[in-house]
Amino acid sequence: MTDYAKRRTMMVDTQVRPSDVTKFPIIDAMLSIPREYYVPDSMIEAAYVGENLEIGGGRVIIDPRTLAKLLDALDVRPDHVALDLGCGLGYSTAILSRLCDFVVAVEDDETRAEEAQNILSGQGVDNAAVMTGPLPEGAQKSGPYDIIIIQGAVEEVPAAIIDQLREGGRIGCIFGEGALGVVRVGHKIDGNVNWRFSFNAGAPLLAGFEKTVAFAL
């Protein structure tokens, strides 16, 4: 019988802690949340490997190191409301639920969204809700948000998402640039987001987050 708790500890000790993630709430959440419940059944044995896990349709579950470092850079606090775009089967949502007051998660695949909600409910996560809809549109009715995290690479962030970020709030995502991606955290000040480099990481480009091409006549 597989000892997933041991694998979870090893994941934190070999992937998270060595990446300079020191905030106790993040470490505690990653030691507590059973990642094996939030991956496709065919990938349970790979749940704790240090790489992105493909879940179909060009989508992935972001690797533990990247997720931990991104949450660390975002400085999520207990009174925050977070928007988790592209939550997959809910692992990132479950981690966020341990760090903040409430999480609104969005999936563009209805079946996947229902499965994520069922897993979260089954695991006793009662401060998160999964909605179905286009990822580039976010979840405006439940906003604004203190924290927005995008589970995949972008070329640019749609204005609709920026509009849902509360003044003083923070947004984090992977910008696809060449072979490697760059993680940036944006701070919303006076209605504008100022992006700052955080670290390097990679993920597939999310549909709807491509750079808008301006055509000149």
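Me: Which residues of H3 are buried?

Reply: In this predicted model, the buried residues of H3 are Pro 64, Thr 66, Leu 67, Ala 68, Lys 69, Leu 70, Leu 71, Asp 72 and Leu 74. Helix H3 spans residues 64-74, and nine of its eleven residues are buried, so the helix is largely enclosed by the rest of the structure.

Me: How should I read the direction in which helix residues point?

Reply: An α-helix has 3.6 residues a turn, so residues three or four places apart point the same way. In H3, the buried set includes Leu 67, Leu 70, Leu 71 and Leu 74.

Me: What is found at the N-terminal end of H3, and which residue follows the helix?

Reply: Asp 63 caps the N-terminal end, with a side-chain oxygen 3.2 Å from the backbone nitrogen of Arg 65. After H3 comes Asp 75, which has a positive phi near 55°.

Me: How is the hairpin of E1 and E2 built?

Reply: Strand E1 (residues 53-56) and strand E2 (residues 59-61) run antiparallel and are joined by three bridges. Within this pairing, Glu 54 stands opposite Val 60 of E2. Two residues lie between the strands, and Gly 57 takes a positive phi near 65°.

Me: In what order do the seven strands of the open sheet stand?

Reply: A general idea comes first: in a regular strand the side chains alternate between the two faces of the sheet. Here the order is E5-E4-E3-E6-E7-E8-E9, with mixed pairing. The edge strands, each pairing on one side only, are E5 (128-132) and E9 (192-200). On average, neighbouring strands of this sheet are turned by 20° against each other, direction ignored.

Me: How do E3 and E6 run, parallel or antiparallel?

Reply: Strand E3 (residues 81-85) and strand E6 (residues 145-154) run parallel, and four bridges join them. Leu 83 has Ile 148 in E6 as its bridge partner. Helix H5 (residues 110-122) packs on the sheet, where it touches strand E4 (102-107) and E5; the direction of H5 makes about 170° with that of E5.

Me: How many salt bridges are there?

Reply: Side chains of opposite charge can pair when their charged atoms come close. With a cut-off of 4 Å between a side-chain nitrogen of Lys or Arg and a carboxyl oxygen of Asp or Glu, the count comes to ten salt bridges. One of them is formed by the side chains of Arg 98 and Asp 28, at 3.2 Å from N to O. This pair links distant parts of the chain, since Arg 98 lies in helix H4 (residues 91-99) and Asp 28 in helix H2 (residues 24-32), 70 residues apart. Arg 98 counts as partly exposed at 41% relative accessibility, and Asp 28 counts as partly exposed at 28%.

Me: Are the partners Asp 108 and Arg 59 buried or partly exposed?

Reply: Asp 108 and Arg 59 form a salt bridge, their closest N and O atoms being 3.5 Å apart. Asp 108 is in the loop between E4 and H5, whereas Arg 59 is in strand E2, 49 residues apart. Buried means under 20% relative accessible area. Asp 108, at 44% relative accessibility, therefore counts as partly exposed, while Arg 59, at 7%, counts as buried. Both residues belong to a network of salt bridges that also links Glu 107 and Arg 112.

Me: Which residue forms a salt bridge with Asp 146?

Reply: The partner is Arg 166, with the closest N and O atoms 3.0 Å apart. Asp 146 is in strand E6 and Arg 166 in strand E7 (residues 165-177), 20 residues apart. Asp 146 counts as buried at 14% relative accessibility, whereas Arg 166 is partly exposed, with a relative accessible area of 34%.

Notes:
Residues are numbered from 1 along each chain as its sequence is written. This is a predicted model: local features need pLDDT of at least 70, side-chain atom pairs count only at pLDDT 80 or more; totals for chains, interfaces and linings use all residues. Side-chain values use heavy atoms; hydrogens and water are left out. Two strands pair if DSSP finds at least two bridges between them. Axes are lines fitted to C-alpha atoms, for helices over the stretch in contact, and angles run from 0 to 180 degrees between N-to-C directions. Contact means heavy atoms within 4.5 Å. Buried means under 20% relative accessible area, exposed over 50%, partly exposed in between (1.4 Å probe, protein chains only). A polar contact is a pair of N or O atoms within 3.5 Å; within protein, one must be able to donate a hydrogen and the other to accept it, and residues adjacent in sequence count only if both atoms are side-chain atoms.
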